Amino acid sequence: MEMINNEEKITRALLVCVDTGDYEPEASLDELHELVRSAGAEPAFSLTQKLSRVESATYVGSGKLQEIADLCREQELDLIVVDSELSPTQIKNIENATDVRVIDRTTLILDIFALRARSKEGKLQVELAQLKYMLPRLTGKGIEMSRLGGGIGTRGPGETKIETDRRHIRRRMETLKEELDEVEKHRAMLRRRREKDGIITCAIVGYTNAGKSTLMNTLTDAGVLAQDKLFATLDPTSRALRLPSGVSVMLIDTVGLVRRLPHHLVEAFRSTLEEAAQSDIIINLCDASSEESRVHLQVTRDLLDSLGCGDTPVLTVLNKCDLLDDSLLAQDFNSYIKISAKTGDGINALLKAIDDNLPVRMKRVTLLVPFASAGIVSEIRDSGTLLSEEYTADGVAVEAIVDEILYARVRDFERKPD
């Protein structure tokens with residue numbers, strides 16, 4: 001049993017985990033600690049029980065349940081957070097035995113997402129995920145959920161409150177889906193416009209608290225909220241980034257991931273995640289200082305695979321390398337890009353890697369276009385990036401960034417450096 005001291009008087013929580021061998025309990029509990037902190041509570045104690053399988057009625061064994069009840073009473077704890085998804089019966093039985101409110105891991109994550117959502121789309125996605133999780137859990141809540149109608153105009157079989165609640169939730173879910181469909185149509189329209197305009201997109205994905213928002217701010221001065229909390233940034237942010245080659249790309253910051261992310265959330269945020277998946281380049285950012293860094297990288301890779309990103313260039317980038325010894329980095333992560341978004345170390349190497357993985361090789365050129373062929377300048381303006389143009393006695397002096405196809409048309413006008 002572990003005790004965590006915290007002088008601030010806030011909601012004090014007991015964290016409970018059953019180790020069935022399906023995952024690493026210590027790492028999962030450490031993550032649960034951070035989730036509880038991010039939700040604004042204090043993870044005061046944690047308990048782990050090793051079982052071959054969880055108890056269907058009470059999640060933990062009867063002896064451990066009594067230990068939990070005694071600890072909650074002696075330490076005046078306010079909340080029990082279970083590191084798994086619980087059934088309504090399990091929640092009810094634990095609450096009856098301990099007289100303390102119980103939530104599970106999924107409810108906690110949904111609560112944090114609701115706390116962090118700022119955009120209309122983010123709020124819609126969170127509410128839809130919450131309702132999907134709530135709908136099958138309306139059963140087993142007790143007699144108070146099933147009140148028959150009575151009085152004039154309500155005679156007859158009536159309708160239980162639980163059925164009314166179900167119908168109301170389903171109606172609300174349909175409304176949310178329709179609103180999200182409209183948002184997705186707008187997103188698809190913007191994506192088509194970007195493709196038409198030749199805008200290259202680069203998405204930052206990775207485990208929560210890996211430093212995605214800090215990197216975004218370092219690269220673009222985006223002013224994105226960057227805190228040492230899980231899910232500090234929920235809504236995606238897009239900013240323009242100018243690369244050393246002169247090419248501009250659209251950099252997209254995305255919601256962070258956690259192990260065993262509830263499928264309700266994955267489904268609800270699928271459109272947002274697919275926005276990243278459809279990018280031209282993906283940065284898989286990882287906190288190199290975390291003992292779970294390899295697991296974090298794999299969680300992100302698995303999600304990208306599930307979204308069908310096999311053909312998209314993925315740059316594996318290790319952040320917070322200023323916190324690690326150089327020899328350790330060389331030994332364990334030799335093939336990855338190493339940076340510190342906080343100090344700026346390695347940023348130039350990252351920018352070069354993005355340049356090297358652009359979907360169409362771009363070339364910076366200096367041209368002298370004869371007046372008889374001046375129409376080519378308009379083509380550059382439409383299809384490339386016109387950096388400068390100056391009318392001289394011999395023609396139009398142009399500096400531009402062009403792709404391979406356009407370069408084939410203008411190469412005869414290229415002026416080589418002296």
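## Confidence in the model

pLDDT is the predictor's confidence in each residue, on a scale from 0 to 100. The structure shown here is a predicted model, and its mean pLDDT is 80, with 81% of the residues reaching 70 or more. Confidence is lowest in strand β1, which covers residues 2-3 and has a mean of 48, whereas it is highest in helix α2, residues 62-75, with a mean of 95.

Two stretches call for particular care. Over residues 140-158 the pLDDT stays under 50, and the model gives this stretch 15 contacts beyond four places in sequence. Residues 228-234 also have a pLDDT below 50, although the model shows 37 contacts for them beyond near neighbours in sequence. Where pLDDT is low, the predicted coordinates should not be read in detail.

## A sheet of three strands

Strands β12, β14 and β13 form an open sheet, in the order β12-β14-β13, and their pairing is antiparallel. The edges of the sheet are taken by β12 (362-369) and β13 (385-392), and because each of them has a single partner strand, one side of each is left without a neighbour in the sheet. On average, neighbouring strands here are turned by 15° against each other, if direction is ignored.

The pairing of β13 with β14, the strand of residues 395-403, is antiparallel and extends over seven bridges; within this part of the sheet, S388 stands opposite E399 of β14. Helix α13, made of residues 375-383, lies across β12, β13 and β14, and runs at about 155° to β13.

## The surroundings of T316

T316 belongs to strand β10, which spans residues 314-319. Its relative accessible area is 13%, and since a residue is called buried when this value is under 20%, T316 counts as buried. When neighbours within four places in sequence are set aside, T316 is in contact with N284, L297, R301, Y336 and I337.

## Cysteines without disulfides

A disulfide is a covalent bond between the sulfur atoms of two cysteines. How many disulfides does the structure hold? The structure holds zero. For C321, the nearest cysteine sulfur is that of C286, at 9.1 Å, and because a disulfide requires sulfur atoms within 2.5 Å, C321 is in no disulfide.

Is C321 buried or exposed? With a relative accessible area of 10%, C321 is buried. C17 likewise counts as buried, its relative accessibility being 0%.

Notes
Residues are numbered from 1 along each chain as its sequence is written. This is a predicted model: local features need pLDDT of at least 70, side-chain atom pairs count only at pLDDT 80 or more; totals for chains, interfaces and linings use all residues. Side-chain values use heavy atoms; hydrogens and water are left out. Two strands pair if DSSP finds at least two bridges between them. Helices (H or I, at least four residues) and strands (E, at least two) are DSSP runs, numbered from the N terminus. Axes are lines fitted to C-alpha atoms, for helices over the stretch in contact, and angles run from 0 to 180 degrees between N-to-C directions. Contact means heavy atoms within 4.5 Å. Buried means under 20% relative accessible area, exposed over 50%, partly exposed in between (1.4 Å probe, protein chains only).
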